[in-house]
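Hi,

Here is the structure I said I would pass on.

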Amino acid sequence: MTIADLLQSIQKNIPYIARTNLQLVSDAYQLAAMAHSGQKRHSGEDYIQHPLAVAMKLAEMKTDVTTIIAGLLHDVPENTSITLAEVENAFGKEVASLVEGVTKLGILKYRGLDRYTENLRKMFMAMAEDIRVIIIRFADRLHNLQTLEWQRPDKRRRIALESIEVYAAIAHRLGMWQIKSELEDLSFPYAYPKEYQWTMSLTQDKIKIQEKYLEKIKQIVTKKLVAQKISFKNISVRKKHLYSLYKKLVKKEGDLNKIYDIIALRIIVDNVPDCYKILGLIHQAWTPLKGRIKDYIAQPKANGYQSLHTTVFCEQGQIVEFQIRDQHMEDISEHGVAAHWLYKETPSGKSKIQKDRLVWVEALKELQNNSESHQEFLEKIKSDIIKNRILVFTPKGDVIDLPEGATPIDFAYRIHSDLGNACRGAIINDQLVSLDTPIKSGDVVSILINKNKKKPNSDWLQIAKTYQAKEKIRDALKKDQGNFVSRILKPKKP
Ligand code: MN
């Protein structure tokens, strides 16, 4: 791989990039190549191939130029005589602080599962400052996994396990499915060699046959869509990733016939109405399986995933899953948080921050649809949207995203209404606190419950900061009042 390959990839993936920015990438490459000159990777390649590969991956993920430059320089301060201060002098504070973040994160050592939550927490803290640090770290790890065969055998297993248990777990929580699957599939043969062999021998023949069959179905569907004049962006045959197939196989006790989504057809269209049109078209052609029609557009999964799924008895009675979605849903499902956070180049050549833009736009739309009056709409925006967000941890290490100033009440209701209703106290970082204590980013919060009292106090309406929690409290209070009234009005049994 050469710098020319990288520049070409950047121009393809970031069409509006300014010439001056391309020049900066070249300059960063020159510095990195000079700094690493004479150093070799375990594979025997020149060291510069590693930062080049990392930068290439970042370009493919359509990150901004600053991230790509930091990717090129990510190993410079730690492994060469060039210092962080010199990087800052040449490329500015933003690049330097990304490189610093990546370096710091590298120092964290994996010490097995007992350190798991703590590692996750530290990674997330770094992310809360700038998610681009984590994205560079993912790209770094992916290339290290691709070249894992050159490592010492004992190191291979440790790196592979860490990649699945820490890195992939974080990618999962951020909804970055694409990265998560790549991390898992590259690690799988090294982390669990026997299980890998078992999965391969069980599935590969069937997958080959299925692939050929689905190519035929793809032709049939394409013809139907053209005949109905429904435009679509793309129809593709999607194989289930190997590691997730392995986990599902374990769940189904090795019975491949119980897994319907080993291979699926994914159809990407321009808009939501077309998604439903195509669903109708497929159901007209083939009989759907009972209970397998999923409308994740009307009812998105908790992680924001949206799509229509259906499984049908297709040609020759074979069972086929279809996934239908628009491009926005596809981006969210592949890149998760990154789809919201990535910085985009604009035609004016200026790099514009798009942090959280999609999230806000979607949240605004939803609020607008559910609001009775303009006044109410403005109130909701003030309480949930405009405020800065904080990232808070459950004791298991899951991350909950809340507005600044949120309290344990908001936290509890964000997780589940039942947890909110039964809440009687909270522990923040091992300290018992009152329910009106504001939570800070990085806090670990656990909720104490009272199993016998599943109703909120009316003064919680003052304590809760999120619209969502207030709404749920009001609902629960109303319901309880209803019960009270019906108890009184209920005629006594003779
Ligand atoms: Mn590296």
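A word on the ground rules: this is a predicted model, in which local features need pLDDT of at least 70 and side-chain atom pairs count only at pLDDT 80 or more, while totals for chains, interfaces and linings use all residues. Residues are numbered from 1 along each chain as its sequence is written, and side-chain values use heavy atoms, with hydrogens and water left out.

**Metal site**

Start with the manganese ion, which is held by His50 (NE2), His74 (NE2), Asp75 (OD) and Asp140 (OD) at 2.2 to 2.4 Å. Along the chain, these donors are spaced as H-x23-H-D-x64-D. Donors here are N, O and S atoms within 2.8 Å of the metal (3.2 Å for Na, K and Ca); water is not among the atoms, so sites may look incomplete. His74 is buried at 2% relative accessible area, and Asp75 counts as buried too, at 10%. For burial I use under 20% relative accessible area as buried, over 50% as exposed and anything in between as partly exposed (1.4 Å probe, protein chains only).

**Salt bridges**

There are 17 salt bridges in the structure, each being a side-chain nitrogen of Lys or Arg within 4 Å of a carboxyl oxygen of Asp or Glu.

- Lys57 and Glu182 come to 2.8 Å between their closest N and O atoms. Lys57 sits in helix α3 (residues 49–60) and Glu182 in helix α10 (residues 177–191), so this pair ties together parts that are 125 residues apart in sequence. Lys57 is buried at 16% relative accessibility.
- Asp64 meets Arg132 at 2.9 Å, N to O. Asp64 is in the loop between α3 and α4 (65–73) and Arg132 is in helix α8 (residues 131–146), so parts 68 residues apart in sequence are tied together. Asp64 is buried at 2% and Arg132 at 4%.
- Arg141 pairs with Glu162, with the closest N and O atoms 2.7 Å apart. Arg141 belongs to helix α8 and Glu162 to helix α9 (residues 153–173), so the pair links parts 21 residues apart in sequence. Both Arg141 and Glu162 are buried.

Through shared partners, salt bridges also join Asp64, Glu94 and Arg132 into one network.

**The sheet**

An open sheet of 3 strands runs in the order β12-β11-β13, with antiparallel pairing. Its edge strands are β12 (431–433) and β13 (445–449), each pairing on one side only, and the twist averages 35° from one strand to the next. Strand β11 (residues 423–428) is joined to β12 by 3 bridges, and Ile428 has Gln431 in β12 as its bridge partner. Strands count as paired if DSSP finds at least two bridges between them. Helix α18 (residues 408–415) lies across β11 and β13, at about 85° to β13. Helices (H or I, at least four residues) and strands (E, at least two) are DSSP runs, numbered from the N terminus. Axes are lines fitted to C-alpha atoms, for helices over the stretch in contact, with angles from 0 to 180 degrees between N-to-C directions.

**Nonpolar cores**

The largest nonpolar core has 94 residues, and Leu6, Leu73 and Phe322 have the most contacts inside it. A second, separate core of 22 residues includes Ile400, Tyr413, Ile428 and Ile447. Such a core is a set of buried Ala, Val, Leu, Ile, Met, Phe, Trp, Tyr and Cys residues joined through side-chain atoms within 4.5 Å. Setting aside neighbours within four places in sequence, Leu73 is in contact (heavy atoms within 4.5 Å) with residues including Leu31, Val87 and Phe91.

Cheers
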